[in-house]
Amino acid sequence: MPDVFNGFIYRSMQKSDQTSAGDFSARGRGRPRTFDREAALGRATCLFWSKGFEATSITDLTQAMGIGAPSLYAAFGSKEALYAEALSHYLETNEHLAWAGFFAAKTARDAVMAFLMDSAAALASGDEGAPRGCMVTLSAVGSEGHAALGEMVRAARTMTFDRIKARLDLAVAEGEIPASIDTHGLARFVQTVQNGMSLLARDEAAREELEAVAEVAMLGWDARAGRQSSAPA
């Protein structure tokens, strides 16, 4: 994960240690935890994913996580630090759903097709009670007055663009797509399509609808980049 993730968590926990010692000293801050931290983090992730940062209260979190407020602060430091961990947890546990096929593909076209089709499946699934759509795409935390968290989200979104553009640049170098292609614009196009699919998924669009969007997007790819599969003779 980018350094901004771990750095934010560390700073937030330091701040919490400094400001909340008086609140929790009488409650036994050194007591062993009596809850499954990873499971609690997973439930917090789903809550932030579904409701967003600002709309999720500490009461919402403690109820979903099955712990009291003192345990939440002792384990995670602050609501902000918990969100930072939740976002990192989301990326670590979900990104393979959209990216495995992308990285395994032999051509840029196949990589983009896999990315969009796999995204359609993942975004619309809601497996095991998880919210639909993408937590990163749907996050508005940066516009809610939380600059550091917003930077984390922007870093995750930028990672999507960077991966796509790097694959397109490689395709140009290998002769798969013409050198005249604006790889920056094409990468933004693919990213924008996937972001739109995320919003549609949150609004209960079916997987088949999202796959249809991906197929139309690939028609645009073929019109712009062609179907070259190897370098020209």
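The model is predicted, so local features need pLDDT of at least 70, side-chain atom pairs count only at pLDDT 80 or more, and totals for chains, interfaces and linings use all residues. Residues are numbered from 1 along each chain as its sequence is written, and side-chain values use heavy atoms, with hydrogens and water left out.

Let's start with confidence. pLDDT is the predictor's confidence in each residue, on a scale from 0 to 100. The protein averages 85, and 81% of the residues score at least 70. Over residues 4-29 the pLDDT is below 50, and beyond near neighbours in sequence this stretch has 33 contacts in the model (a contact means heavy atoms within 4.5 Å). Residues 228-233 also have a pLDDT below 50, with 8 contacts beyond near neighbours in sequence. Where pLDDT is low, the predicted coordinates should not be read in detail.

Now find helix α10, residues 183-202. Helices are DSSP runs of H or I with at least four residues, numbered from the N terminus. α10 has 20 residues and reaches 29 Å from its first C-alpha to its last, close to the 28 Å expected at 1.5 Å a residue (that is, 1.5 Å times one less than the number of residues). Its buried residues are T183, L186, A187, V190, Q191, V193, Q194, M197, S198 and A201. Seen down the axis of α10, these fall within an arc of 150 degrees, so they line one face of the helix; the arc is taken from the directions from the helix axis to the C-beta atoms. Buried means under 20% relative accessible area, exposed means over 50%, and partly exposed is in between, using a 1.4 Å probe and protein chains only. And what do the buried residues of α10 pack against? Their partners are α7 (108-123), α8 (135-138), α9 (147-173) and α11 (207-225).

The two ends of α10 deserve a glance too. At its start, a side-chain oxygen of D182 comes within 3.2 Å of the backbone nitrogen of H184. Just after α10, E204 takes a positive phi of about 75 degrees.

Next, look at H89, which sits in helix α6 (residues 79-104). H89 counts as buried because its relative accessibility is 14%. Leaving out residues up to four places away in sequence, H89 touches E38, L41, G42 and T45. The side chains of H89 and E38 are joined by a polar contact of 3.4 Å.

Finally, S71 lies in helix α5 (residues 69-76). At 31% relative accessibility, S71 counts as partly exposed. S71 and T34 are 37 residues apart in sequence, and 9.0 Å apart in space, C-alpha to C-alpha.

Definitions and conventions
A polar contact is a pair of N or O atoms within 3.5 Å; within protein, one must be able to donate a hydrogen and the other to accept it, and residues adjacent in sequence count only if both atoms are side-chain atoms.
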